[in-house]
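Hi everyone, thanks for coming. Let me put the chain up on the screen, and then we can walk around it together.

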Amino acid sequence: MFAEVSFAQTAMQFSTSSFATYGKYSDDRDSKALGMYATMLNGVQSSYSLGVDVLLLSSERQGGKFFTQEFIPARGSWWLGGKWSLSAHGALLNEEAYKFKYEIFGLQYDTSYAASRFYFWGGGVMYHLAPSQLFTLNATTSLYEKKIFSTAASLKFTTEIYRGLTSISAVDISKTDATRLLYSGKEQLVYAYQPFLFNIKVMAGKRVFYFDESSLVLFNQREIQTLSIGGGVSYYFSPAFSFTGTYEYEKFPPYKISYFAAGIKYLFAVK
């Protein structure tokens, strides 16, 4: 949920990170998630990432109904030489919904269970206009029960607009088998001021079942999202170790979500 921008990676590096997220829904639901990620940086533009994210969504108002999700995303990018790079990404999403009502001594109880599995795959091309300027075009498709469930594409431009200040602008299109083609735009600013890294972003428009392949984050809600506002800060105790805290406000009519996240990251240099 937090972006990092670097233009000076020259040696092989390996990083691990872990994030805990709490979400508060306007309809009295609560979500708790824990994610772990590993990334290998090989040279200037090549990288490989793998993540595991487990989420629990519960609602006491709905009779103790709760929902679990296991999300396993992966991404790789390869520098082709010159100004071009290619990327590929994929993910597995398991969703399980439960609803239990018990009245033990009165012998009244009710249980229900439902499970869904989605597969994601996609890829992209990157053009490095300059050391601090990058064009990216990505596309993603998901499958459910051997049929295409969602498709999405994103055009992104990253540039350093001032020393230490980076802008990431994106236009996204997305749809599922239940929606028409939707359009949204996003602007993100990342500012490095040692030992801090600040991040703010806003998305407006319409998007659905959105998978952000760059941060390996999935918005798996089936409702159309119309607004996202967020930000955060990272503090670097050393060049290798950092702590990050973030907040995001997401609007999915007819409900809204406030997300709070905190995590740590450690970077290893491989000689």
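How many bridges join strand β8 to strand β9? Twelve bridges join β8, residues 147-162, to β9, residues 165-176, and these strands run antiparallel. Before I go on, a word on where this comes from: this is a predicted model, where local features need pLDDT of at least 70 and side-chain atom pairs count only at pLDDT 80 or more, while totals for chains, interfaces and linings use all residues. Residues are numbered from 1 along each chain as its sequence is written, and side-chain values use heavy atoms, with hydrogens and water left out.

Strands (E, at least two residues) and helices (H or I, at least four) are DSSP runs, numbered from the N terminus. Two strands pair if DSSP finds at least two bridges between them.

Back to β8 and β9. They form a hairpin with two residues between them, and G164 in that turn has a positive phi of about 85 degrees. If you want a spot to look for on the screen, E160 stands opposite T166 in β9. Now follow the chain onward: a hairpin through five residues joins β9 to β10. Those two strands pair in the antiparallel sense over ten bridges, with S169 opposite E187 in β10.

Next, please look at β16, residues 255-269. Which strands pair with it? One is β1, residues 13-25, antiparallel over 13 bridges; there, T21 has A261 as its bridge partner. Another is β15, residues 241-252, also antiparallel, over twelve bridges. In that pairing S242 stands opposite K265, and β15 and β16 form a hairpin with two residues between them.

Y191, Y193, F196, F198, V233, Y235, F237, F243 and I264 make a nonpolar patch of about 820 Å². A patch takes residues with over 30% relative accessible area and no salt bridge, joining nonpolar side chains (Val, Leu, Ile, Met, Phe, Trp, Tyr) within 5 Å and like charges within 9 Å. The areas come from the Shrake-Rupley method with a 1.4 Å probe, and for residues only the protein chains shown count as cover. Strands β10 (182-193), β11 (196-207) and β14 (225-236) each supply at least two residues of this patch. F243 sits in strand β15, and at 39% relative accessibility it counts as partly exposed. On that scale, buried means under 20% relative accessible area, exposed means over 50%, and partly exposed lies in between (1.4 Å probe, protein chains only).

Finally, salt bridges: a side-chain nitrogen of Lys or Arg within 4 Å of a carboxyl oxygen of Asp or Glu. By this rule there are six. I'll show you some of them.

In one, E213 meets R75, with the closest N and O atoms 2.4 Å apart. E213 is in the loop between β12 (210-212) and β13 (217-219), R75 is in strand β4 (65-81), and 138 residues separate them. Both are buried.

Another joins E95 and R222, at 2.6 Å between the closest N and O atoms. Because E95 lies in strand β5 (84-103) and R222 in the loop between β13 and β14, this pair ties together parts that are 127 residues apart in sequence. Are these two buried or partly exposed? E95 is buried, at 6%, whereas R222 is partly exposed, at 36%.
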